[in-house]
Amino acid sequence: MSAAVGGVVYAALAYLAWGLFPLYFKQIAQVPALEVILHRTLWSMVFLLAVLLVLRRWAWLGEVLRNPKLLARFGLSALLLSCNWLVYVWAVQQGQILDASLGYFINPLVNVALGFIVLKERPRRLQWLAVGLAAIGVLWLALQTGHIPWVALALALSFGFYGLMRKMASLGALEGLALETMLLAPLAAVALGVLSWQGQGALVQGEPGTIAWLLFAGPLTAIPLLLFAAGARRIQMTTLGLLQYISPSLQFMLGVWLYHEPMSTSRLLGFAFIWAALAVYSLDSLWRQRLKP
């Protein structure tokens with residue numbers, strides 16, 4: 001198998017796993033969203049530290065610990081990531097998987113806007129058209145429902161700013177997530193300890209199956225990330241950008257066909273504007289790739 005084909009397989013598996021996340025979070029829907037995030041943070045750190053131990057990739061840690069600015073930057077990115085996780089888990093538990101999928105559909109277009117505002121990048125005309133179509137879709141959904149689709153916007157903006165901070169950081173995907181979970185894990189451990197001491201929480205009141213599912217959050221978080229990192233190194237960014245739609249597409253299908261979330265014609269029209277924006281964005285990326293020598 002060539003490197004390019006292998007890269008597509010790795011990246012597709014990562015996005016497939018992320019797209020199926022609603023199945024996992026529905027499995028532990030009886031656990032409050034915040035408690036789920038506490039477990040996810042703690043067990044992700046344990047799993048990632050085990051991976052780093054096996055790979056013997058510790059050299060970066062000493063330099064990071066001597067760099068307060070870098071630690072502060074990753075502390076902020078960790079907060080953004082945990083907020084993203086919390087909103088997503090809450091949305092799945094509350095039957096808002098479609099809104100969650102919408103957030104990840106519009107995330108690439110948020111990245112374009114953030115690149116223009118923060119990094120002073122100059123989006124191309126078709127990219128601006130895509131952003132405009134997405135904005136129309138969001139506005140239409142807001143008008144139809146009577147409120148801003150805050151779940152979608154919170155997910156898109158939190159992950160967009162998180163991606164921006166990671167783009168400006170110097171650590172790889174594995175090391176970066178390990179550091180973020182290391183910064184948050186002490187808080188998560190204390191919170192879970194307090195819950196247990198008070199006789200509350202899944203560790204005390206939960207069934208063995210529920211506890212096992214919560215422990216599984218560690219590898220479930222880290223393995224797709226490792227697959228993604230392996231795929232990203234082997235394929236072009238254009239290909240990676242197209243594959244990313246696997247995840248929200250699967251979430252959308254799960255929301256409609258498995259969990260039967262309401263999808264009216266007017267709401268579908270709003271999604272159609274978003275999909276049109278993504279089509280324009282993808283065609284622009286493909287065209288630019290063909291023009292490269």
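Is tryptophan 90 buried, partly exposed or exposed? At 31% relative accessibility, tryptophan 90 counts as partly exposed; the term covers values between buried (under 20% relative accessible area) and exposed (over 50%), with a 1.4 Å probe and protein chains only. The model is predicted: local features need pLDDT of at least 70, side-chain atom pairs count only at pLDDT 80 or more, and totals for chains, interfaces and linings use all residues. Residues are numbered from 1 along each chain as its sequence is written, and side-chain values use heavy atoms, without hydrogens and water.

A search of the whole structure finds 18 aromatic pairs. Rings of Phe, Tyr and Trp (its six-membered ring) pair if their centres lie within 6.5 Å; planes under 30 degrees apart are stacked, over 60 edge-to-face, and the rest tilted. The rings of tryptophan 90 and tryptophan 150 have centres 5.4 Å apart and planes at 40°, so this pair is tilted. Tryptophan 90 lies in helix α5 and tryptophan 150 in helix α8, so the pair ties together parts 60 residues apart in sequence. Helices are DSSP runs (H or I, at least four residues), numbered from the N terminus. Tryptophan 150 is partly exposed, at 42%.

Phenylalanine 252 and phenylalanine 271 also form a tilted pair, with centres 5.3 Å apart and planes at 55°. Phenylalanine 252 belongs to α14 (residues 246-258) and phenylalanine 271 to α15 (residues 265-291). Both phenylalanines are buried. One aromatic cluster includes Phe21, Tyr24, Phe25, Tyr162 and Trp213.

Helix α8 (residues 150-167) has 18 residues. From first C-alpha to last, α8 reaches 25 Å, close to the 26 Å expected at 1.5 Å a residue; the expected span is 1.5 Å times one less than the number of residues. Among the buried residues of α8 are Val151, Leu155, Tyr162 and Arg166. Their cover includes α5, α6 (97-117) and α9, with contact meaning heavy atoms within 4.5 Å.

Two cavities of 30 Å³ or more were counted. A cavity is a set of points on a 1 Å grid over the protein atoms alone where a 1.4 Å probe fits but cannot get out; lining residues have an atom within 4 Å of a point. The largest cavity has a volume of about 40 Å³. Its lining includes Thr41, Trp85 and Glu180. α5 (68-93) and α9 (173-197) each give two or more residues to this lining. The second largest cavity has a volume of about 30 Å³. Phe21, Tyr24, Phe25, Arg40, Ala217, Leu220 and Thr221 line the second largest cavity.

Definitions and conventions:
1 Å grid on protein atoms, 1.4 Å probe; cavity = no way out; pocket = protein on both sides within 12 Å on 5 of 7 lines; lining within 4 Å. Points joined across faces, edges and corners; volume = space filled by probe spheres on them.
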